[in-house]
Amino acid sequence: MKFLLSWMPVQAGLDVCRRLSFWVAWLLLALWVGASVLYAVEPFKVEAKHKPGDKNWKIFDTWTIAQAEGFKPLSKETRLSSYGGDSSRKVDAKGFFHTTKIGKRWWLVDPDGHPFIHVAVCSVRPATGSKEAKAVFEAKYGSEEKWADQTTEFLRSNGFNGSGSWSGDELLAKARKRLAYCPNSNFMSSYGKERGGTFQKSGHTGYPNDAIFVFDPEFETFAMRHAAKLAATKDDPWLVGHFSDNELPIHSNNLENFLTLPENDHGHKAAWAWLRQRKGENANVKQLTDQDREDFIEFMMERYFSIVSKAIKKHDPNHLYLGCRFHGRATRSAGAFRAAGKHCDVVSINYYGAWTPDSKLMANWEQWSGKPFMVTEFYAKGVDSGMPNTSGAGWLVNTQKDRGLFYQNFCLALMESKSCVGWHHFKYQDNDMNDKKVDPSNVDSNKGVVTAGFEEYPDFLKEMKELNSNVYGLIDWMDQGGRVQP
């Protein structure tokens, strides 16, 4: 009895403590939740317009390294191979760039066997089409060789490791510090110029009825002859791979376009033969379904890719085939991607109209093609440049700082996809408004990392460098579960 009496107050005290612990735990949990809500990471808010003529600015959530909780930047110097790959890791080296998939993530692999993301700029060449630009170039550089040396050093110092389409590849190859490069051979547009019938459109070549000449019997012969020039660089380890064209017209109505060509046109004949084989000799346009249209896109592009791929690989078996830079409707075409996946090593996409890349769409690109992708054009242009900014497909923002925030937001989403092996910012230099012979899409806009007078944009470049210099560390962090966007 004495024992029970002595135990009772102790038991009562324990019960009180348990109750207190329960309520203290709930109080701590409430405080933690409240603090999380109060101090949750928020995106930057950036004003932008999709088209300069839009009346109203829209506010876009914009995520950057500043919102990457738990990410610790690594030293650039300890991570980069001579090509700009991740020297902390090694896979099979083949002496040339190739692709591989490690776990769930696609990579390029540099010639020495290091995982590589191609962080590049398009059109790295001095734009000197006007007298004014030539004078500035001569005063600043004095020679093309000095420009090449200074420019490759400038790009590398800002975290870029490559150049994209329309760059001065032969000139840049003479620089002390080289860049991994990707030339564009323009197979279809070059054939069109030789054949006749093409014309200039804003940003790309135009074709009658938007119907490429892929069914011409002569195209296959031309492609093989045209590819012969690729043998000159087949042993260059700095060459990543080849683009075959830019922004071919791939639309929902491609089938109708081919069917309404003149009756003696090879494209007209091929389209009708395909349709009759599919629906019988009495087939007509009124029977067309969306599936017919999509399947014809695949048929058309499979023929294109098979011809071009065969020609490229015959004359340059060492390097990658990077596709033809899909854009617009093609980016949502399963048929186009399936065709590309049969023949391309990497699928290239000029990605406009998205402030933040669409994760579901990017997943579709890999699923449809079975290959990694590379974004080969994107950009924003700044009002503070003082340029009219009426031409081109990129976003319009207020400042160079905003351009940099857009760049970080866009590229972080590409990295999170696990299927993107590179991106090419469009482009090196602002449009030269004194040059009257340029493409209509390149007339008067702030697209460059430097001005038409070769002056840098420090606020823009600061944000680009921060992202570029941490690509491999960010990928490691993401692959371990880190996320920037919620």
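Two strands count as paired if DSSP finds at least two bridges between them, and the legends below use this meaning for a predicted model.

**View 1. An open sheet of 3 strands in the predicted model.** The strands follow one another in the order E3-E4-E5, and their pairing is antiparallel. Strand E3 (98-102) and strand E5 (115-116) stand at the edges, and because each has a single partner strand, one side of each is left without a neighbour in the sheet.

**View 2. The pairing of E3 with E4.** E3 and strand E4 (residues 105-109) run antiparallel and are joined by 5 bridges. In this pairing, His98 stands opposite Val109 in E4. Strands of a sheet pair through backbone hydrogen bonds, which may link them in either a parallel or an antiparallel way.

**View 3. Helix H14 across E4 and E5.** Helix H14, which spans residues 471-479, lies across these two strands and runs at about 155 degrees to E4.

**View 4. An open sheet of 4 strands with mixed pairing.** Here the order of the strands is E2-E1-E16-E15. The edge strands are strand E2 (58-62) and strand E15 (380-382), each of which pairs on one side only. From one strand to the next, the twist averages 45 degrees.

**View 5. The pairing of E1 with E16, and the helix that lies across the sheet strands.** Strand E1 (residues 44-49) and strand E16 (residues 395-397) run antiparallel, with 2 bridges joining them, and Lys49 stands opposite Leu396 in E16. Helix H12, made up of residues 400-416, lies across E1, E2, E15 and E16, and this helix runs at about 165 degrees to E15.

Note on methods: Residues numbered from 1 in each chain as written. Predicted model: local features only at pLDDT ≥ 70, side-chain atom pairs only at ≥ 80, totals over all residues. Heavy atoms only, no water. Axes fitted to C-alpha atoms, helices over the stretch in contact; angles between N-to-C directions. Contact = heavy atoms within 4.5 Å.
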